[in-house]
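User: Hi! I'm new to this one and would like a friendly tour. Could you put it up on the screen?

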Amino acid sequence: MINFKFTGQIPDDLPLDEAASLSDNFVTAFWTLFGPNLKLPHPSTFPASAPPADADAPILIYGAGASAGQYTVQLLKLAGYKNIFAVASAHNHAHLKSLGASHAFDYRSASFVDDILAAAGGKIKTVVDIIAARPSLAAIQKIVGPGSKVAILLPV
């Protein structure tokens, strides 16, 4: 069964063929966050009229500079999450913050794992790994603790 709960209105001046082009990276980000993977609570409409109960809990997006990562940051912000940690190259930090990231960390920094743990005040319970490579997985292993949820986007 397909759930059509989340739809968008098409402006009158936008041709249907242009409106139909929704990036698969957006869909991937949406279902990773709110679907059967992480099962984060989401609003009935975006932007959220009220934040979710765990809006202040840090959520880490590793690979936030990639298109799926940018959509993930934006969706979290629109859903009312307030503590969005973005891991990406330093040249992406200003843009990621403009999209809704509250913190940005450069994966090339020797101290970025310690910096993340310090900013979070401890281990992080929710992580999305857009990169899914040995370095990202090794870093995430140090950032999460028991009971954490990690969604890994594997290339197929």
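User: Let's begin with Asn25. Where is its place?
Analyst: Asn25 sits in helix α2, which covers residues 24-34. Helices here are DSSP runs of H or I with at least four residues, strands are runs of E with at least two, and both are numbered from the N terminus. Before we go on: this is a predicted model, where local features need pLDDT of at least 70 and side-chain atom pairs count only at pLDDT 80 or more, while totals for chains, interfaces and linings use all residues. Residues are numbered from 1 along each chain as its sequence is written, and side-chain values use heavy atoms, leaving out hydrogens and water.

User: Thanks! Is Asn25 buried, exposed or partly exposed?
Analyst: Asn25 counts as partly exposed because its relative accessibility is 25%. Buried means under 20% relative accessible area, exposed means over 50%, and partly exposed is in between, with a 1.4 Å probe and protein chains only.

User: What is Asn25 in contact with, leaving aside its neighbours within four places in sequence?
Analyst: Asn25 is in contact with Ser67, Ala68 and Tyr71. Contact means heavy atoms within 4.5 Å.

User: And how far is Asn25 from Ile10?
Analyst: They are 15 residues apart in sequence and 20 Å apart in space, C-alpha to C-alpha.

User: New topic. How many aromatic pairs does the structure hold?
Analyst: It holds 8. Rings of Phe, Tyr and Trp (its six-membered ring) pair if their centres lie within 6.5 Å; planes under 30 degrees apart count as stacked, over 60 as edge-to-face, and the rest as tilted. One of the pairs is Phe30 with Trp31, which is edge-to-face at 5.2 Å centre to centre, with 80° between the planes. Phe30 is buried, at a relative accessible area of 7%, and Trp31 is partly exposed, at 42%.

User: How about Phe85 and Phe105, what kind of pair do they form?
Analyst: That pair is tilted, with 5.5 Å centre to centre and 35° between the planes. Phe85 lies in strand β2 (residues 84-88) and Phe105 in strand β3 (residues 103-106), so the pair ties together parts that are 20 residues apart in sequence. Both Phe85 and Phe105 are buried.

User: Which residues form the aromatic cluster?
Analyst: Phe26, Phe30, Trp31, Phe34, Phe46 and Tyr71 form one cluster.

User: On to α5. Which of its residues are buried?
Analyst: Phe112, Val113 and Ile116 are buried in α5. Seen down the helix axis, they fall within an arc of 105°, so they line one face of α5. That arc is taken from the directions from the helix axis to the C-beta atoms. The face turned away from the buried side carries exposed Asp114 and Ala118.

User: What covers the buried residues of α5?
Analyst: The cover includes β1, β2, β3, β4 and α6.

User: What comes just after α5?
Analyst: Gly121 is there, and it takes a positive phi of about 75°.

User: And α6, which residues are buried there?
Analyst: In α6 (residues 134-143), the buried residues are Ser136, Ala139, Ile140 and Ile143. They are on the same side of α6 because they cover an arc of only 100° around the axis. Arg134, Gln141 and Lys142 are exposed on the face turned away from that buried side.

User: What covers the buried residues of α6?
Analyst: The cover includes β1 (59-62), α5 (112-120), β4 (124-129) and β5 (144-152).
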